[in-house]
Amino acid sequence: MAKNLLIVESPAKAKTINKYLGKDFQVLASYGHVRDLKPKEGAVDPERHFAMHYEIIERNEKHVDAIAKAAKVADDIYLATDLDREGEAISWHISEILKDRGLTKGKQLHRVVFSEITPKAIKAAVAAPRQLSHDLVDAQQARRALDYLVGFNLSPVLWRKVQRGLSAGRVQSPALRMIVEREEEIEAFVAREYWTVQAQLRHAEGEFSARLTKLNGKKFEQFDLTNEADAMAARAALKEAAHGRLTVSEVGSKERKRRPAPPFTTSTLQQEAARKLGFTTSRTMKVAQGLYEGVGLGSEGNVGLITYMRTDSVALSDDALGELRALIARDFGQKALPDHPQSYKAKSKNAQEAHEAIRPTSAMRTPREVSAFLNDEQRKLYELIWKRTVACQMIHATLNTVSVDFDLPHAAGGPAAFRATGTTVVDPGFLAVYEEGRDQKDADDDDEGRRLPRLEKGEQVPLHDIAADQHFTEPPPRYSEASLVKALEEYGIGRPSTYASIIQVLLNREYVLLDNRRFKPTDIGRAVGKFLTQHFTRYVDYDFTAKLEDELDAVSRGEEAWVPLMQRFWQPFKQQVEEKTESVDRSEATGARELGSDPKSGKPVFVRLGRFGPYAAIGDKDSDEKLQFASLRPGQSMHTITLEEALELFKLPRQLGAAPNGDEVSVGIGRFGPFVKQGSTYASLKPEDDPYTIELPRALQLVEDKLTMLANRVILDFGNGVQVLNGRYGPYITDGEKNARIPKEQEPKELTEAQCLELLAAAPAKKGGRFGRKSAAKKEPAAKKTAVKKAAAKKAPAKKTAAKKTATKKTAAKKTATKKAAAKKTPA
């Protein structure tokens, strides 16, 4: 029996570490968090110094029990969860559970941390343990308590004032505000026209262009030419004055140096992976976690390939620096090495310099050497991390920028001038390995790589043409994942470990959606964002959120106590929640708008946010007994829709004509989407069909397809409830309670009743989706199974009641998700 128990967070990490420590250690995983606040009111009690009431997370109970069983017989317990605030809290929760069960008496509890999973790092950490950091634990407790109090108190206000099932988060809400405000900037943006002028020059060494920099004796500004007439007049005058040539008035050459980017932190890794690999933040963190915890490298076994991936430090250890310099000298030569290792300064005020940046655990493991053992995503991310780390310790790149000015002294109305620029790489330095990506290109990017001919002052260069090009200013772009993470970091909102979850929560709640990999707020997201910005301004304020993060950091450093911090937050927040619950009007909170009057009835036309999303209405809800309603079309927003567009919505239902049998055929939009109706038959429209333009022949085809599908749905019926049916995804077996797959090699029409019963017995119970979650079911004899089913059928009502009881335990968010899923269904 192992004398020592070492506890980590993930089973993959446990597997890798287990082989490093030998038979004296048993390594078990907690599978992440082991306890959380009880999901009900009073889990944080402000009246009792913010006492927090925890319970073991149900899905991890068996893992906790396994840890407790091992702890009972171990001499020493090593808490080796992650080295950040979250990891410290998990270690504390495990220690509290073991204390509560009386399993720590006479035993030593050690806290060990390591930033890489290598034999050397693990053994060094175990040899030099420390005590739990209660400052870090307090900071995490305060963070969790704040998030709970905000969510538990603000969400009910959103339910009452905006829409049922909504929720608000302490850190997600300022991020949502950021996305909503950018959308409003885009909508308010008015494009301005401007024209640029370029000379197209032909030289013996090659063609190149020069942009206009001076016109009529003045510096040429962006909005000096704002219409075609002026631009063409300027072009004609310049061409006439040039007489087919421009004269070189000045040649300048400037050498500059570009330093490599620092090694990756969590946020810069997320940004670069988004730009260069197209990874989402959550995907980046999942792949990085796998590289950190260990990948099987053939005979070497599981090896951790990168250091810990949640960090805001840009520091590298002396060992890593030594290895990097040796690799650079070997693969790129001594000339690629600076005299001394490059050092970088962290931007974050709370960067823990004891931690390291994200780097390969061994730079000598080149991407080429390990690629055979990695999947495609792992290979791409490892290569990105390896290249960035190697490049950060290489010499700067030397660039040469040449600028050439051309005179046009006889231009009409005064002198004019043009300039051509080009940048060439003198010495690539670190650029031979890696170059940092950018969200938006600037003018310098266009010059890079452009080589100008050798030109001398006074030289005359043939002019091929002068071009005038029209442009329009563009609105600020929507946030991408990379630019949003960058903005969150710059504003001090959240911390490296939270960026991925902030984005995921906004997507999961359907407050935002990704449109061409850019964040666009939904109408619900805009309503929530505007409501919080107008009525809880302080709590979505960027500076306030950042200051709160700084205070939590101060708690983690032991500079501030957490309970006074909580008290300063809670009292004014509670007061504001109570006040806004009473005072805010729901129509104003949801962003309802009056668009104008219906020309037919003279009644007002509104757009509002309803239970199932945004809709238009004709009539006054206070004075009209009956209102007309119409859902907005996909892509329409209640914040931008016009009166004309809203009135179009009321053209449904449309009468399309009569079917051959005389039935009226119409098209409309129901709760589950657009549909065609013929008599009593409903058929959903396909995604490519538009209910506003669909014609009778297509509608009849959809109905015919539906009737054919229904007629051919039953392949076999055994008369006892067991059927073989054609489904949306192909044939399957059902008895009304369970569905079973049909083996690929089996012809559905040739199945026997016994075969069907056997396949149903082995199938998992229905639990969402067509085949539900995989869970082993014991096989029973066919006859017995049939008898059990008959008995079960009689008990069906009890089952439903039980299901309802279980459903009541679900969180509000899950209920909302279910409703949204239902709303997407099409009519049968």
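Trainee: Why does K239 count as partly exposed?

Mentor: Good place to start, and keep in mind that this is a predicted model. K239 has 36% relative accessibility. Buried means under 20% and exposed over 50%, so K239 falls in between and counts as partly exposed.

Trainee: Where does K239 lie, and what does K239 touch?

Mentor: K239 lies in helix α7. Leaving aside residues up to four places away in sequence, K239 touches D465 and I466.

Trainee: D465 has come up now. What makes R235 and D465 a salt bridge?

Mentor: Their closest N and O atoms are 3.3 Å apart, and the cut-off is 4 Å, so the pair qualifies. R235 lies in helix α7 (residues 228–242) and D465 in strand β17 (residues 460–472), so the pair ties together parts that are 230 residues apart in sequence. As for R235 itself, 23% relative accessibility makes it partly exposed.

Trainee: How do you know that R111 and E88 form a salt bridge, and are they buried or exposed?

Mentor: The closest N and O atoms of R111 and E88 are 3.0 Å apart, which is within the 4 Å limit. This pair links distant parts of the chain, with R111 in strand β8 (residues 108–111) and E88 in helix α3 (residues 85–100), 23 residues apart. R111 has 1% relative accessibility and so counts as buried. E88, at 0%, counts as buried too.

Trainee: What about E300 and R365: why is one called partly exposed and the other buried?

Mentor: Set each value against the cut-offs. E300 has 43% relative accessibility, so E300 counts as partly exposed. R365 has a relative accessible area of 19%, which is under 20%, so R365 is buried. The two form a salt bridge, their closest N and O atoms being 3.1 Å apart. E300 lies in the loop between β13 (295–296) and β14 (302–303), and R365 in the loop between α10 and α11 (367–370), so the bridge ties together parts that are 65 residues apart in sequence.

Trainee: How many salt bridges does a search of the whole structure find, and which residues are linked in a network?

Mentor: The search finds 43 salt bridges. R85, R495, D550 and D553 are linked in a network of them.

Trainee: How do you know that the length of helix α10 agrees with what a helix should span?

Mentor: Helix α10 has 15 residues (318–332), and at 1.5 Å a residue these should span 21 Å. The end C-alpha atoms are 21 Å apart, so the two agree.

Trainee: Which residues of α10 are buried, and why are they said to be on the same side?

Mentor: A320, L321, L324, R325, L327 and I328 are the buried ones. They cover an arc of only 165° around the axis, which puts them on the same side of α10. What covers them includes α12 (376–391). The face turned away from that buried side carries the exposed residues D318, D319 and R330. Just after the helix, G333 takes a positive phi of about 90°.

Trainee: What makes H49 and F50 worth a look?

Mentor: Most residues other than glycine have a negative phi. H49 has a positive phi of about 55° although it is not a glycine, and F50 has one of about 60°, again without being a glycine. H49 is found in the loop between β4 (44–45) and β5 (51–52), and F50 has its place in the loop between β4 and β5. With a relative accessible area of 58%, H49 is exposed, whereas F50, at 2%, counts as buried.

Trainee: Which peptide bond is cis, with omega near -5°?

Mentor: The bond from L652 to P653. P653 is found in the loop between α20 (643–648) and β24 (654–658).

Trainee: What makes R182 a charge over the face of Y479?

Mentor: R182 lies 4.3 Å from the ring centre of Y479, and the distance limit is 6 Å. K276 lies over the face of Y434 at 4.1 Å from the ring centre.

Conventions. Residues are numbered from 1 along each chain as its sequence is written. This is a predicted model: local features need pLDDT of at least 70, side-chain atom pairs count only at pLDDT 80 or more; totals for chains, interfaces and linings use all residues. Side-chain values use heavy atoms; hydrogens and water are left out. Helices (H or I, at least four residues) and strands (E, at least two) are DSSP runs, numbered from the N terminus. The expected span of a helix is 1.5 Å times one less than its number of residues. Buried means under 20% relative accessible area, exposed over 50%, partly exposed in between (1.4 Å probe, protein chains only). The arc is that of the directions from the helix axis to the C-beta atoms. Contact means heavy atoms within 4.5 Å. A charge sits over a ring if NZ of Lys or CZ of Arg is within 6 Å of the ring centre and within 35 degrees of the ring normal. A salt bridge is a side-chain nitrogen of Lys or Arg within 4 Å of a carboxyl oxygen of Asp or Glu.
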